[in-house]
Amino acid sequence: MFRRMNGIGSGLAAAATLWATSALALPQKWGVTFQPPASEVMTRIEDFHRLLLYIIVAICIFVLVLLLIVIFRFNQRANPVPSKTHHNTLLEVMWTLIPVIILVVIAIPSFRLLYFEATIPKPDVTIKAIGKQWSWTYEYPGANFQFDSFPLKDADAAKAGEPRMLGVDNVVVVPVNKVVEVETTGADVIHSWSLPQMGVKMDAIPGRINHTWFKATQLGTFYGQCSELCGANHDFMPIEVKVVSDAEYAQWLATAKKKFASLDDGATRLAAK
Ligand SMILES: [Cu+2]
């Protein structure tokens, strides 16, 4: 018995390891659950998700048990003469009150999270993501330049060690542990700028600017995709964000200002405003 339990234990541990490794940033075979969080917002989203999961599982088990009781104890063979009982005040009050209490228990952390996401702290860096059919254009308003970001061709991606359909030619670079405000807008139709590991997904709507933010807690490259069906090449709008140290960011900024200066004729920026 003990040995069997032990076997189950190590099986579970192996499954847990698989679970954890399957949550790497890049698509994995048999990958389950979220990519590992890289910002406080995403950590909180994951915690909230877990809370909901516990509640849902408990409710499902409870309903399943009730169903099984009905099926086995009150079928025609086991219970040929059904009871004619109806109305039970205590039961009726309970099955009204308990769901209300469950909803309140869910609502409190839900609103707390919503406010945390919606309140943008003072930004250290602001970037503007303009969705276009079908590519992203990024602007660093403080630094006064903009550039286009297209997906790499399959062969180029393989050569660069970038994931297919996620790697881009011009990567968005941001500093680690700094508040990055993201302004999103659309140049033609509605797009959506999303970066799952940061817990960010914001619609990019023509004619208006939406705001969101993230503060990356770790270095690395993070991927996302346009998340609003925007037309035939919707799947050719990957998002690649590289989180670097302050020094590297300063260095990149200096190079980018020179590199992208020629692309910036001012007109596109005015048009997008
Ligand atoms: Cu799009």
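This is a predicted model: local features need pLDDT of at least 70, side-chain atom pairs count only at pLDDT 80 or more; totals for chains, interfaces and linings use all residues.
## Ground rules and overview

Helices (H or I, at least four residues) and strands (E, at least two) are DSSP runs, numbered from the N terminus. Residues are numbered from 1 along each chain as its sequence is written, and side-chain values use heavy atoms, with hydrogens and water left out.

Of the 273 residues in the protein chain, 32% are buried, where buried means under 20% relative accessible area, exposed over 50% and partly exposed in between, with a 1.4 Å probe and protein chains only. The accessible surface of the protein chain is about 17300 Å², and carbon and sulfur atoms contribute 65% of that surface; these areas come from the Shrake-Rupley method with a 1.4 Å probe, and for residues only the protein chains shown count as cover. Contact means heavy atoms within 4.5 Å. Among contacts in the protein chain with a separation of 6 or more, 65% are between residues 24 or more positions apart.

Strands of a sheet pair through backbone hydrogen bonds, either parallel or antiparallel. Here two strands are taken to pair if DSSP finds at least two bridges between them. An open sheet of 5 strands runs in the order 3-2-1-5-8, and its pairing is mixed. Strand 3 (145-149) and strand 8 (210-215) form the edges, each pairing on one side only. From one strand to the next, the twist averages 25°; the axes behind such angles are lines fitted to C-alpha atoms (for helices over the stretch in contact), and angles run from 0 to 180 degrees between N-to-C directions.

A hairpin of 2 residues links strand 1 to strand 2, and strand 1 (residues 125-132) runs antiparallel to strand 2 with 5 bridges joining them. Along this pairing, Ala129 has Tyr138 as its bridge partner, and Lys132 has Ser135. On the other hand, strand 2 and strand 3 are also antiparallel, over 5 bridges, with Glu139 opposite Gln146. The hairpin of strand 2 and strand 3 has 4 residues between the strands, and Asn144 takes a positive phi near 65° there.

How enclosed is strand 2? With 6 of its 6 residues buried, strand 2 is largely enclosed by the rest of the structure. Ser135, Thr137 and Glu139 are buried on one side, and Trp136, Tyr138 and Tyr140 on the other. Ser135 has 6% relative accessibility and therefore counts as buried. Beyond its neighbours within four places in sequence, Ser135 is in contact with Ile130, Ser149, Phe150 and Met237.

An open sheet of 3 strands has the order 4-10-9 and mixed pairing. Its edges are strand 4 (172-175) and strand 9 (220-225), each pairing on one side only. Neighbouring strands in this sheet are turned by 25° against each other on average, direction ignored.

Strand 10 (residues 238-244) pairs with strand 4 in the parallel sense over 4 bridges, and Val174 stands opposite Val243. With strand 9 the pairing is antiparallel over 6 bridges, and Gly224 has Ile239 as its bridge partner in strand 10. Strand 10 is mostly covered, with 6 of its 7 residues buried. Helix 5 (residues 246-259) lies across strand 4 and strand 10, running at about 140° to strand 4.

Cys226 and Met237 both lie in the loop between strand 9 and strand 10, so the pair ties together parts that are 11 residues apart in sequence. Both Cys226 and Met237 are buried.

Why is the arrangement tetrahedral? Ideal angles at a metal are 109.5 degrees for four tetrahedral donors, and 90 or 180 degrees for six octahedral ones.
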